[in-house]
Amino acid sequence: MLELDNISFGWPDGPPVLSRFSLKITAGEKVVLLGANGCGKSTLLKVMNGLIFPGGGEIRWRNEALTQESLKGRELARRFRQACVLLFQHPEAMLFNPTVREEIAYGPRRLGLAGVDERVCRWADELALTPLLDKAPFVLSGGEKQKVALACLLALDPELLLLDEPAASLDPATVGWLVDTLVQSDRTVVVSTHNLSMAAELGARCIVLGRAGEILFDGPARMALTGMSLLENAGLAHRHRHRHGGAEHIHVHGHDWEP
Amino acid sequence: MHIPDGFLSPQTYLPAYAVAAGAWTWAARGLRDRLDETTVPRLAMLTALAYGLGLVMVPVPGGTSGHMLGIALLALTFGVRLAFLAYSLVLLLQALLFGAGGITALPINALAMGLVGATAAAAAKGLLARINEMAAIAVAAWLSVVLPAAIVALVLGIQPAIAHQPDGTPLFFPFGIDITLPAVLIPHLIIGIGEAALTVVIWRYANSRGWCK
Amino acid sequence: MSARGWLLAYLAAVVAATLIHEPLVLATALALALSAAGRDRWRLLRRTLVAILAFNITVSLGYVVVAVWRGDFSAGYLLLVNLRVLLLVFLGMWFAARIDVVAALGVSPTLTLVATLTLGQLRAFERIVSDFTLAFASRNPAPPRTLDRAHHAAAQGIALMDKTMAAATESAMAMKSRGAFDA
């Protein structure tokens, strides 16, 4: 479905974030991108969503080349932007319409999809946003904004959902709802997180990124999450002193600090 | 209105710096009377805001877009003095830190946009608000774009007259007022409309949150 | 030389460049600046050209048209003004790249403090606007309408205002908590 072939990316005047990076996502997969803050997960997702373009290598979407030039073509842009969507780490950056209703309706309307009102109602209902439909997005709380952003994306009926740290501002109940929805759907999902327990519940496939954006591991989630030295290497687990019972000792473990 | 260095003569920018220095002293002194622990952080954040607003692209009638100016918004929300100082600081940081240039244009830009723009906006709102508040904000923002544009056009346009070779060849900006005034002013009459619309929307939000003076 | 010394030298160079009207002298000064700039010179020169290209081409072409029509065209002027702008903007870029501006502004401790606080917040605002821009591209399968671009601009302004007010309060509290306002 989506293929990254030997891509390299660095911000202007900055060090490379991704170097000769290759990745293949097949339809229906549930993939978790695990990595510490700053390792390039957000950048990778933006590359995958055709928002920033690598300096080297190729990206292919259903065997079509995805470049800055090719995405200027109306037809490909329409197909791609409906099929592949990204939930930003700071979802308030995604919202700009006067009301929540118009916000959720925006994407489907721009694409000329049928049943816009039904879509709005359905996803507002699923995400418990119905009481907020006539409010302005900018007066909502962080968690509500994230739910609105999610509704906007799901209303398009996308095939590939990219999510950048979705657990960041959501309350535990909504995280649970999100995980269930993603696991049960037949959409392809790529989630970036540094939250190990979410990774465990979500992903069949786990890609662990090192601090320089390189792939340290790509395989079954269970193996990744029990490989302590791997996790320590990636900055997702650490050693520190702590107490069990009366004794104090040091070993490697991961923490799932609730954000 | 980023005029690169090299188009303004020393006969222009040196006196302009003197005038600007006086204006900055006036503004800073006015603040000091009400100085409290929040003033310094507020000024810093407002400077960042002035910079940030300048990154926002405003659609302009006609299909293009331009950068937002934001001086009216700053002046109407936080007052002329803070707006002027914040805007001047942005110009200073841009000139010295980002190498965006403009150290010679700085006093002109600071006085035209930061002071005249802010004052015109505040005055317009003061005069017109009792008739219709939103229209007053819109006029204030429009003036805050158009008046500085006129000043910059004038300053550029007098360069050939005040700095030239004995045979009349210009040394800095080559066009006179007959060209600069229409060339600079007319587009800004339209750009001001975009700024006005945007300022009204954002000001209403700021007002609803109780942030406005 | 201290940062402040470099600032004064830069300012003196700027004034000097606007007092000299000989293209040869300006060209020599530019060559000297380029050579003194070291390894960074080509990157700085490229950035300089990018910064001045649009404005200078517009003014130069405009001058050619108007002056030829009026019959007082001077190639010497074109050379002079473009060299002057190139030199001045290059000097500015070089200064910005080399010198700790905050240290150079150390004349006033208040100014230094404001500059430091501002710079921290500035980067955050750049990220916000960048996120908004990318998110807008992500959500628009076709070129957006003017009304949508207007809504988008307003949303950015509101987000920036929100963050400014929150940051001003936070920053003041943090400074207070660290004793910055204690006598």
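Q: In which sense do strand S1 and S2 of chain A pair, and over how many bridges?
A: Strands of a sheet pair through backbone hydrogen bonds, in either a parallel or an antiparallel way. In this predicted model, S1(A), residues 2-10, pairs with S2(A) in the antiparallel sense over six bridges. One residue to look for is Leu2(A), whose bridge partner in S2(A) is Ile25(A).

Q: What is the order of the strands in the open sheet of chain A?
A: Reading across the four strands, the order is S2-S1-S4-S5, with antiparallel pairing.

Q: Why is one side of S2(A) and of S5(A) left without a neighbour in the sheet?
A: Strands S2 (16-25) and S5 (64-65) of chain A stand at the edges and have a single partner strand each, so each has one side with no neighbour in the sheet.

Q: Which helix packs on this sheet?
A: Helix H1 of chain A, residues 41-48, packs there and touches S1, S2 and S4 (56-61) of chain A. The direction of H1(A) makes about 125 degrees with that of S1(A).

Q: How many helices and strands does chain A have?
A: Chain A has nine helices and twelve strands. Of its 259 residues, 40% count as buried.

Definitions and conventions: Residues numbered from 1 in each chain as written. Chains lettered and ligands numbered in written order. Predicted model: local features only at pLDDT ≥ 70, side-chain atom pairs only at ≥ 80, totals over all residues. Helix = DSSP H or I, 4+ residues; strand = E, 2+ residues; numbered from the N terminus. Buried ≥ 20, exposed ≤ 12 C-beta atoms within 10 Å, placed from the backbone. Pairing = 2+ DSSP bridges. Contact = placed C-beta atoms within 7 Å. Axes fitted to C-alpha atoms, helices over the stretch in contact; angles between N-to-C directions.
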